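Subject: Structure handover, salt bridges

Hello,

I am passing on the structure below. My notes on its salt bridges follow.

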Amino acid sequence: MKPKPIKEVKARIQQHRRVGVDYFRLRLLCPEIARLAQPGQFVMLRVSDSSDPLLRRPFSFFRIFPPQTKKRKRPEDEGALEICYQVVGRGTSRMTQLREGERLDVLGPLGKGFWPEEGRSLAILIGGGIGVAPLVAWAEQLRREQGKKKRFSKTSGNLKEVLVLIGGKSRDKIPGIREFMRMGLEPQIATEDGSLGFQGLATDLLERELVTQGHKSAALYSCGPLPMLARVAQITDQFDLPCQVLLESRMACGVGACLGCAVKVRDRTLRGALEDEDARAQGAAVHLEDRCGEEMAGSWREGLAPIIAEPPAFFRYVRGCKEGPVFEARDILWE
């Protein structure tokens, strides 16, 4: 597949406002990147023209406004991106001082975003804390595709429905609730302190849904803290459902050069090769048994026993910024 182009632009800040105790939303006019952007991908922002902070910061898309060729009614119809960020360090603290009208150095779109799972009629989006943000952009795209199918199809049997399960420590730690509701979705909400919705975790909502409703034709898309993603992966594996997870790894370059965002994944290629080798060995054993008798063949199998009983670790490292940040949950080694 031909790699998609990456743009570096000076984007003008159209809107910048606080939306929670520690959360801010930043809208950037940059049609070059908005035209190419996909939910789950990200941009790298240089938050200052000085060398402090030195490195760019990665941010997933909260909303994507592709350039409109006709009927431009809003300023963002020119082509804009919106990110939602949490103040956690010096870089994001510096970002809070940015003013509308200023220009930011933006590199993107980067990485691999979410993709639709074929043959699945329900998309379950599950997010925690600031990890809810990229699911808003994905829900918008799914709803747009759903609207197109409704316009061109008289049947609704194959339409992809969307179910949203989100959580956070408290009600002001969950972004995107209004955006989901504007799409006509009714998110199920969990808070640890019980200040909004169900008191508990988003993964509790997921378990309840799958146990009570089944949802055998569902595909899951998730973003949030690593322990939450590991639990989502465990639950979806138990119910044998496909699941994609967006890993929010620390990144220095965002283009695969520094290897600072390495992710440990299962090596299916190596596993397949060794399984083929094992199958050939098993075939050889059967052939040997036919020719020499079961006793001799049995002693030969014992020689293979250590290899079969203690297989090597089938893993490798990939770059979160290039091969991700969205991965199949079953590929990740959750350690």
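Arginine 63 is buried, at a relative accessible area of 17%; buried stands for under 20%, exposed for over 50% and partly exposed for what lies in between, with a 1.4 Å probe and protein chains only. The model is predicted, so local features need pLDDT of at least 70 and side-chain atom pairs count only at pLDDT 80 or more, while totals for chains, interfaces and linings use all residues. Residues are numbered from 1 along each chain as its sequence is written, and side-chain values use heavy atoms, with hydrogens and water left out.

The partner of arginine 63 is glutamate 140: the two form a salt bridge with closest N and O atoms 2.8 Å apart. A salt bridge here is a side-chain nitrogen of Lys or Arg within 4 Å of a carboxyl oxygen of Asp or Glu. Glutamate 140 sits in helix H3 (residues 133-152) and arginine 63 in strand S5 (residues 63-65), so the bridge ties together parts 77 residues apart in sequence. Helices (H or I, at least four residues) and strands (E, at least two) are DSSP runs numbered from the N terminus. Glutamate 140 is also buried, at 13%.

The structure holds 13 salt bridges. Another joins glutamate 8 to arginine 56 (2.7 Å, N to O). Glutamate 8 belongs to strand S1 (residues 7-18) and arginine 56 to the loop between strand S3 (42-46) and strand S4 (57-60), 48 residues apart. Arginine 56 is buried at 12% relative accessibility.

Aspartate 77 and arginine 74 also pair, at 2.7 Å between the closest N and O atoms. Aspartate 77 is buried at 4%, and arginine 74 is partly exposed at 40%. Both belong to a network of salt bridges that also links Arg25, Arg27, Glu76, Glu82, Glu179 and Arg182.

Regards
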